[in-house]
Amino acid sequence: MNTSVTLCGLPLENPVIPASGTFGYGKEFAELYDIDCLGTFSFKGTTRQPRFGNPTPRIAEAPAGMLNAVGLQNPGVEHVLAEELPAMAVFFHKPVMANVSGFSVAEYAETCAMLDEASQVGWIEVNVSCPNVHGGGLSFGADPALAAEVTRAVKAVTKKPVILKLSPNVTDIVSIARACEDAGADGLSLINTLLGLRLDLSTRRPILANTTGGLSGPAVFPVALRMVWQVYEAVRIPLVGMGGVSTAEDVLEMMLAGATAVGVGAANLIDPYAAQKIVEGLPAAMEKYGIENLSDIIGGAHHG
């Protein structure tokens, strides 16, 4: 069984990629198992300056999922370059995916330019679900023109493949995807979390201090699959599909819908061995469904 795929010109032993925000910088998971078994992983969303994040509580349970409003807590790109990446080199020996967030176009560009110097970084994943502080708070990923502007700015400062991570909280994700592709994106990740809310019946107030949060987990899988399907039909660049993936069969389904690689997010928070189990389960799932080469099934459901 051949589980290898190629993402934006870089080879992966398998398509399994723990998603940003669910795997830290890999250290805690590397203490549990050899994370070199993964295709790669997307490390914690990184901003130009350190961020404390949102007030607590930041997590709320939901049926078949969870809500989070962590607020991009991270130590800032300078710390990542000076401390996290050198430490990571000890236990992870493949190119890693750097996830970048920003609150202005200039901030995205500056952070990505700094990460471009890091030899360990194979791909830069740009999270455009952040609010534009100079544009009234509208998410960069909610407007095709803004998403394209961020794409162009980042592409101008890095030679590494740039993957735009799209928000599902839009009316038409295809128009956003096309705008990013037209602006030079090398790939797209989808989806980020869906906006949700839980209320505490005893206090009659929102559970999360931030009021709303991002819904992830198995509940969002059909929505993510639908968006991957739609975007695959609209663009020619590779996709990283994510949202509720928790089994090897989910990986196959995402790839049939059009994903070249597959992110595993909330499952890592439920079971720290989730990504390892998915990787180990792929050969049996491939054998069950008569798949010799995983790369052969990318977008396969569109041609059957």
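The model is predicted: local features need pLDDT of at least 70, side-chain atom pairs count only at pLDDT 80 or more, and totals for chains, interfaces and linings use all residues. Residues are numbered from 1 along each chain as its sequence is written, and side-chain values use heavy atoms, with hydrogens and water left out.

Helices (H or I, at least four residues) and strands (E, at least two) are DSSP runs, numbered from the N terminus. The expected span of a helix is 1.5 Å times one less than its number of residues. Helix H6 covers residues 221-234, which is 14 residues, and should span 20 Å. Its end C-alpha atoms are 20 Å apart, so the two values agree.

Burial comes next. Buried means under 20% relative accessible area, exposed over 50%, and partly exposed in between (1.4 Å probe, protein chains only). In H6 the buried residues are Phe221, Ala224, Leu225, Met227, Val228, Val231 and Ala234. An α-helix has 3.6 residues a turn, so residues three or four places apart point the same way. In H4, burial falls on Leu146, Ala147, Ala148, Val150, Thr151, Ala153 and Val154.

What covers these residues? Contact here means heavy atoms within 4.5 Å. For H6, the cover includes helix H5 (173-182), strand S9 (187-190), strand S14 (239-241) and helix H7 (248-257). For H4, the cover includes helix H3 (105-115), strand S7 (121-127), strand S8 (162-165) and H5.

**How H6 meets H7**

H6 and H7 pack at an angle of about 30°, and their axes are 8 Å apart. Axes are lines fitted to C-alpha atoms, for helices over the stretch in contact, and angles run from 0 to 180 degrees between N-to-C directions. Angles under 35 degrees count as roughly parallel. H6 and H7 are therefore roughly parallel to each other. On the H6 side, the contact is made by Phe221, Ala224, Leu225, Val228, Trp229 and Tyr232. H7 contributes Asp250, Glu253, Met254 and Ala257. By class, this contact has 8 nonpolar, no polar and 2 charged residues. Ala, Val, Leu, Ile, Met, Phe, Trp, Tyr, Cys and Pro count as nonpolar, Asp, Glu, Lys and Arg as charged, and the others, Gly among them, as polar.

**The nonpolar core**

A nonpolar core is a set of buried Ala, Val, Leu, Ile, Met, Phe, Trp, Tyr and Cys residues joined through side-chain atoms within 4.5 Å. The largest one has 92 residues. Those with the most contacts inside it are Leu7, Phe43, Val126, Leu166, Leu188 and Leu190. Leaving aside neighbours within four places in sequence, Phe43 is in contact with residues including Tyr25, Val80, Leu85, Met88, Val96, Met97 and Leu115.

**Single residues**

Leu67 lies in strand S5 (residues 65-68). Which residues does Leu67 touch, not counting residues up to four places away in sequence? Among them are Arg58, Ile59, Ala60, Gly196, Leu197, Arg198 and Leu208. The C-alpha atoms of Leu67 and Leu195 are 8.4 Å apart, although 128 residues separate them along the chain.

Leu194 sits in strand S10 (residues 194-196). Outside four places in sequence, Leu194 touches Pro168, Asn169, Gly213, Gly214, Leu215, Val220 and Val223.

Pro50 is in the loop between H1 and S4. Beyond four places in sequence, Pro50 touches Asn74, Pro75 and Gly76. Pro50 and Pro75 are 25 residues apart in sequence and 4.4 Å apart, C-alpha to C-alpha.

The table gives accessibility.

| Residue | Relative accessible area | Class |
|---|---|---|
| Leu67 | 2% | buried |
| Leu194 | 18% | buried |
| Ala64 | 48% | partly exposed |
| Pro50 | 56% | exposed |
| Arg204 | 74% | exposed |

**Backbone features**

Ala64, in the loop between S4 and S5, has a positive phi of about 60° although it is not a glycine. Arg204 also has a positive phi of about 60° without being a glycine. Arg204 lies in the loop between strand S11 (199-200) and strand S12 (205-206).

Two peptide bonds are cis. Thr56 and Pro57 are joined by one, with omega about 0°. Pro57 lies in the loop between helix H1 (27-30) and strand S4 (59-62). The bond from Leu190 to Ile191 is also cis, with omega near 15°. Ile191 is in the loop between S9 and S10.

Terms used. Angles under 35 degrees count as roughly parallel, over 145 as roughly antiparallel, 65 to 115 as roughly perpendicular and the rest as oblique.
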